[in-house]
Amino acid sequence: MTLSDDTSANYGAVASATPVLRVREMTRRRDETAKDSEYLFYDVNFDLHEGEVLVVRGPSGVGKTTILRCIAQLTPYTAGVCLLNTDAKELKSPADLGIPQWRADVMYVSQRPALMSGSPLDFVDMVNSFAIQKSRDHYDPVEIAEDWGISSDLWEKKWPELSGGEQQRIALAVALSCDPKVLLLDEPTSALDPQSTLMVEDALSSRTCIWITHDDAQESRVSSRSLTIHPDASYTLT
Ligand SMILES: Nc1ncnc2c1ncn2[C@@H]1O[C@H](COP(=O)(O)OP(=O)(O)OP(=O)(O)O)[C@@H](O)[C@H]1O
């Protein structure tokens with residue numbers, strides 16, 4: 001039995017090929033406050049191994065962003081377990097690690113950074129001010145984004161003054177600079193031109209990611225496996 005097939009209750013047990021991230025029985029109602037609310041997704045199980053990209057597919061509104069936000073512990077879920085491999089000895093839950101460490105290691109990158117206030121530099125300052133980030137090494141986000149055609153002066157502009165593609169590359173560069181174990185990418189190249197898209201895909205090629213895309217060609221370029229969420233709350237893992 002592979003880890004991917006392991007649906008036993010001993011979720012934290014570590015077998016030969018230890019996943020970076022394990023998700024079991026992830027379930028979310030459309031309205032978490034209403035017990036009779038229909039399910040958005042039900043009983044989702046998967047393991048994500050080092051260097052894998054799990055592409056998340058499904059029609060608009062089916063719950064792709066929501067499942068990423070649940071895994072990031074940014075949104076409540078009805079049931080389920082998320083576990084992270086921190087030291088190859090034991091898989092740990094958000095409660096074991098504490099939410100700040102979980103979110104630093106399992107980092108959600110929003111589709112809409114324009115909703116943030118201030119400038120990208122303000123955002124970097126805020127990220128660096130978190131106690132959990134102070135104790136970690138960082139790459140230079142300005143340098144990362146420069147490779148994608150983002151000049152350093154753009155970092156001082158307000159988010160809404162940047163184009164969608166500039167916002168996406170800057171938000172992604174900040175996330176990469178923090179070197180999380182898992183990146184949760186919400187349509188990270190939806191506003192990019194084809195050349196920038198390929199550059200970003202290349203930069204992410206060695207990372208462990210869960211990646212929402214509506215683009216079949218991108219899926220075939222980047223995915224190790226695909227998780228499709230269906231409108232009836234079921235899912236397919238291929
Ligand atoms: N903050 C919110 N409050 C209430 N409902 C929400 C909120 N965000 C999303 N929803 C609803 O939850 C459902 C799932 O939304 P979600 O954004 O996860 O879908 P999605 O599959 O990512 O869609 P898309 O492909 O259009 O981005 C939708 O019906 C949406 O209207």
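Predicted model: local features only at pLDDT ≥ 70, side-chain atom pairs only at ≥ 80, totals over all residues.
Where does E25 sit? It is in strand β1, which runs over residues 21–29. Now the backbone. E25 is not a glycine, yet its phi is positive, about 55°. Most residues other than glycine have a negative phi. That is the reason I picked this residue out.

Next, A233. Here too phi is positive in a residue other than glycine, with a value near 80°. The setting is a loop. A233 lies between β9, residues 225–229, and β10, residues 235–237. And the burial? A233 has 19 C-beta neighbours inside 10 Å, so it counts as partly exposed. The cut-off for buried is 20 or more.

Now step back to the whole chain. How many helices and strands are there? The chain has nine helices and ten strands. The C-alpha trace spans about 50 × 40 × 35 Å along its principal axes.

What about the radius of gyration? The chain has 18 Å. A compact globule of 238 residues would be near 18 Å, so the chain agrees with that expectation.

On burial overall, 37% of the 238 residues are buried.

Last, contacts. Take the pairs at least 6 apart in sequence. Of these contacts, 71% join residues at least 24 apart.

That's it from me. Back to the structure for discussion.

Notes: Residues numbered from 1 in each chain as written. Helix = DSSP H or I, 4+ residues; strand = E, 2+ residues; numbered from the N terminus. Rg over C-alpha atoms; globule rule 2.2 N^0.38 Å. Buried ≥ 20, exposed ≤ 12 C-beta atoms within 10 Å, placed from the backbone. Contact = placed C-beta atoms within 7 Å.
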